[in-house]
Amino acid sequence: MKNIMYIILGTFLGIVLYKSEAASWFRIYEMFQFDSFHMYGIIGSALAVGVVLVFWIKKSKVKSFSGEIISIPDKEKTFTRYILGGTLFGLGWALAGACPGPIYILVGAGYWPIILVLMGAVLGAFVYGIVRSKLPY
Amino acid sequence: MLYQPWPWYVSGPLIAIIMALLILMGKKFGMSSNLETFCTIGGAGKFTDYFKVDVKSKRWNLLVVLGSVIGGFLGAHWLSPNPAVDISDKTVAKLQDLGFDSAGKAYLPTELFSMDSLADPKVWVILLIAGFLVGFGTRYAGGCTSGHAISGLSNLQRPSLIAVIGFFIGGLIMVHLLFPLIFSA
């Protein structure tokens, strides 16, 4: 049952990101040109609702659907990995016009060249795993 | 209505609700960690212990990925009679200067994402390098748009704000400084 819920949530996410055009290369380019409010509206309204929902989940100490205590761990408080990793990702996000979620979504939509982006991304994650002990954090 | 592009004020809150439902299921909203799971499945544990993880514990997120592939199929083939993305005229003009004649007429630029485009080896290099930067960068930063920009900022995490600033430094460098070197009309 839980497994089906994950697939349904993923499907819903795929439809929302495709239909909002957040999975469109053109929208990402337009965002980095500051030519439209569209992407900022998506991220901003997601955050406005997200902040309230996360605050409520933490404040009310609501249990998960299966009755477990919910813990939302804080991110490790460093600087270098976020600014350097973030910048590298930003370069790729703008060039591919897709972040990881939309990469999977565009495979489903049938834009086959995106599979090259996916292969590159898996290779990038692999190389990170190999060199990670040598990187500054 | 359903068949038109969905406005930002509908889409954004829906994304937040998906995140909250995943948290209420005892999980989190993060798409890039799946890239590491793919490495593990592909046998990367032979090269470093970092990838020696129990795939079973990551299966839920692979199901979210499976769902998003299905969602992409439904969104593209059932819900979008007109795939053209109505980007601003200014953006269309800038892209035409870079040689993207499909701007304003397609969902993705046919210059990069059509089967014809794959005849050009340069496109292979561009797509593979773009993917590599996405994979390496997100894992180094510990998250992507879902993990940092949505989940992390919703939880008011300063590291996620630093990461998102990084996303924009990289994106702005790529679009404003590197695109004119990579693409030309």
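Which element do the buried residues of α4(B) pack against? They pack against α2 (25-32) of chain A.

The model is predicted: local features need pLDDT of at least 70, side-chain atom pairs count only at pLDDT 80 or more, and totals for chains, interfaces and linings use all residues. Residues are numbered from 1 along each chain as its sequence is written, while chains are lettered from A and ligands numbered from 1 in the order in which they are written.

Chain B has 8 helices and 0 strands; helices (H or I, at least four residues) and strands (E, at least two) are DSSP runs, numbered from the N terminus. Buried residues make up 49% of the 185 residues in chain B. A residue is buried if 20 or more other C-beta atoms, placed from the backbone, lie within 10 Å of its own, exposed if 12 or fewer, and partly exposed in between.

In α4(B), the buried residues are B:Thr91, B:Val92 and B:Leu95. Seen down the helix axis, they fall within an arc of 100°, so they line one face of α4(B); the arc is that of the directions from the axis to the C-beta atoms. The face turned away from this buried side carries the exposed residues B:Asp89 and B:Ala93. Just after α4(B), B:Gly99 takes a positive phi of about 95°.

Between the chains, 107 residues of chain B are in contact with 101 residues of chain A, where contact puts the C-beta atoms, placed from the backbone, within 7 Å. α6(B) gives the most to this side of chain B, with 17 residues. The side divides by residue class as follows.

| Class (members) | Residues of chain B |
|---|---|
| Nonpolar (Ala, Val, Leu, Ile, Met, Phe, Trp, Tyr, Cys, Pro) | 75 residues |
| Polar (the others, Gly among them) | 28 residues |

Technical notes. Two residues are in contact if their C-beta atoms, placed from the backbone, lie within 7 Å.
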